[in-house]
Amino acid sequence: MNIAFPAFFILVLIIPGFIFQNAYEKVENTSIEKKPFDVSSSLAFFYALILHILLITVVLPIFGNEINYEICIKLLIGSKSISADDLAAISNNIPQVILYFASSFLLAYVLGRLFQKLIFYFNPYKSSKYAFDTPWYYELTGKLSETQNAELIKLSCLVESKNSSFLYYGVLEDFYLDSEGELNRVVLSGAMRRPIESDDSNPLEPAAERFYEIKGDRLILKYEDIKNINIEYLYIIEEQ
Amino acid sequence: MKALLGSLAKKIKGDPSGNEQLKAFISNGSKDSEVIILSNGKKYRVSTSPTEKAVA
C-alpha cells in the first residue's frame, strides 16, 4: 500500500474538526477567535473525535450501518496484510463510505454554526464569561452590556498627516479585522473632517461650520493611520 | 464586518431628510440629543445617553 494513503485517511478523518472550528469561529468570513496553530490543530483533532463518536454511536445505528474497525486500523497503519475480502468489502461499500464522510463534513459545519449561535445567545456581551476573544468585534457591533440598546455608532478618528492632524467624524458602517483580530480599517458614512487646530481658533463658531463634508458615500480609514478613536454609541427612540 | 445599526437607525439613514439631520447631529459634538423628523412626519430622538430612553 502506498505510504501516503494512511496520511490521507487520517487527514480525511480530521477534516470535520477543522470544518467545525471554522464554522464556529467565523463571522462574516472573519475569524473572531485567535489561537496558536498547535492549539487550533489539537482542538480540531478533539472536535473530529467527538464528531466521529457521535456519528458512529448515534447516526450510523439509525441507518443500520456499522464501522469495520479491523479494516480501518489496517488502513491507518498502512498494513500490507489487507486481504482480497477486505478490499472487496471496501469496494462494495464505497457509496456508504463517501456518504459517511460527506455527512461528517456537513454535520461539522451545521454543529459549528449552531454552537456559535448558542455561545452568542448565552454570552452576548464582551464581558460574558465565554465571550470570544476579539474585543473589537464586541465594541463595534455594540455588544457591550452597557450599550445593549444602542442603535448606531458615531466614530471620531484623529488622523495625523505631515503638517496637520485631522478629526474625522462619521457613522460607522463596517470594519475589518486582520488575522490577529486587530482592527485593520473602518468604513464611515456621512463623513466629515476638520483640522484639529480648528478646535481653538474660534470656539464660538458653530461646529457644523468648522467641518467640511467629504464628498462620497463611504470613507475608509486605515487603523495604522489613526492616532486614536472615540466611540460614541447613539440611542434612538420614537417620539409621540 | 457590519457595524452596529439598529432598526430605527436604518429608518433614519434610509430617509434623505433624516439622514441629513443625522449628519448634522453627528458633526455637532456639543449636542447630547436631537429630534429628527423624517419625510413622513415621524419623529425620532437621537441621543448620546441611554438614560434618555428611560426618561421618554
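User: What stands opposite B:R45 in β2(B)?
Analyst: A:I237 does. Keep in mind that this is a predicted model.

User: Which strand of chain A is joined to β2(B), and how many bridges are there?
Analyst: Strand β8 of chain A, residues 226-239.

User: How many residues does each chain put into the contact?
Analyst: Chain B gives 30 residues and chain A gives 32 residues.

User: Which elements of chain B give two or more residues to that side?
Analyst: There are α1 (7-14), α2 (16-27), β2 (43-47) and α3 (51-55) of chain B.

User: And what is the side of chain B that touches chain A like by class?
Analyst: It has 14 nonpolar residues, nine polar and seven charged.

User: Staying with chain B, what is its pattern along the sequence?
Analyst: The order is α-α-β-β-α. That comes from three helices and two strands.

User: What share of chain B is buried?
Analyst: Buried residues are 25% of the 56 residues in chain B.

User: What about chain A, what share is buried there?
Analyst: In chain A, 22% of the 240 residues are buried.

User: How many helices and strands does chain A have?
Analyst: Eight helices and eight strands.

User: What is the radius of gyration of chain A, against a compact globule?
Analyst: Chain A has 27 Å. A compact globule of 240 residues would be near 18 Å. The C-alpha trace of chain A spans about 90 × 50 × 30 Å along its principal axes.

User: Which domains is chain A divided into?
Analyst: Domain 1 covers 4-122 and domain 2 covers 135-234. Their centres, taken over C-alpha atoms, are separated by 45 Å.

User: Contacts next. Take residues at least 6 apart in sequence: what share in chain A joins residues at least 24 apart?
Analyst: For chain A the share is 61%. For chain B, counted between residues at least 6 apart, 16% join residues at least 24 apart.

User: Now the hairpins. How many residues sit between β3(A) and β4(A)?
Analyst: Four residues lie between them in that hairpin. Strand β3 (residues 152-160) and strand β4 (residues 165-177) of chain A run antiparallel, joined by seven bridges.

User: Which residue stands opposite A:K154?
Analyst: A:V171 in β4(A).

User: Where does β4(A) pair next along β5(A), and over how many bridges?
Analyst: β4(A) pairs with strand β5 (residues 183-195) of chain A in the antiparallel sense, over 10 bridges. A:Y176 stands opposite A:R185 in β5(A).

User: What is in the turn of the β4(A) and β5(A) hairpin?
Analyst: Five residues separate the two strands. A:G181 is in the turn, with a positive phi of about 85 degrees.

User: Where is A:E28, and is it buried or exposed?
Analyst: A:E28 lies in the loop between β1 (26-27) and β2 (30-31) of chain A. A:E28 counts as exposed because 11 other C-beta atoms lie within 10 Å, and the cut-off for exposed is 12 or fewer.

User: And A:N29, what phi does it have?
Analyst: A:N29 has a positive phi of about 65 degrees and is not a glycine either. A:N29 is placed in the loop between β1 and β2 of chain A. With 6 C-beta neighbours inside 10 Å, A:N29 is exposed.

Terms used. Residues are numbered from 1 along each chain as its sequence is written. Chains are lettered from A and ligands numbered from 1 in the order in which they are written. This is a predicted model: local features need pLDDT of at least 70, side-chain atom pairs count only at pLDDT 80 or more; totals for chains, interfaces and linings use all residues. Two residues are in contact if their C-beta atoms, placed from the backbone, lie within 7 Å. Ala, Val, Leu, Ile, Met, Phe, Trp, Tyr, Cys and Pro count as nonpolar, Asp, Glu, Lys and Arg as charged, and the others, Gly among them, as polar. Two strands pair if DSSP finds at least two bridges between them. A residue is buried if 20 or more other C-beta atoms lie within 10 Å of its own, exposed if 12 or fewer, and partly exposed in between; C-beta atoms are placed from the backbone. Domain bounds come from an automatic or database domain assignment. The radius of gyration is taken over C-alpha atoms; the globule rule is 2.2 Å times the number of residues to the power 0.38.
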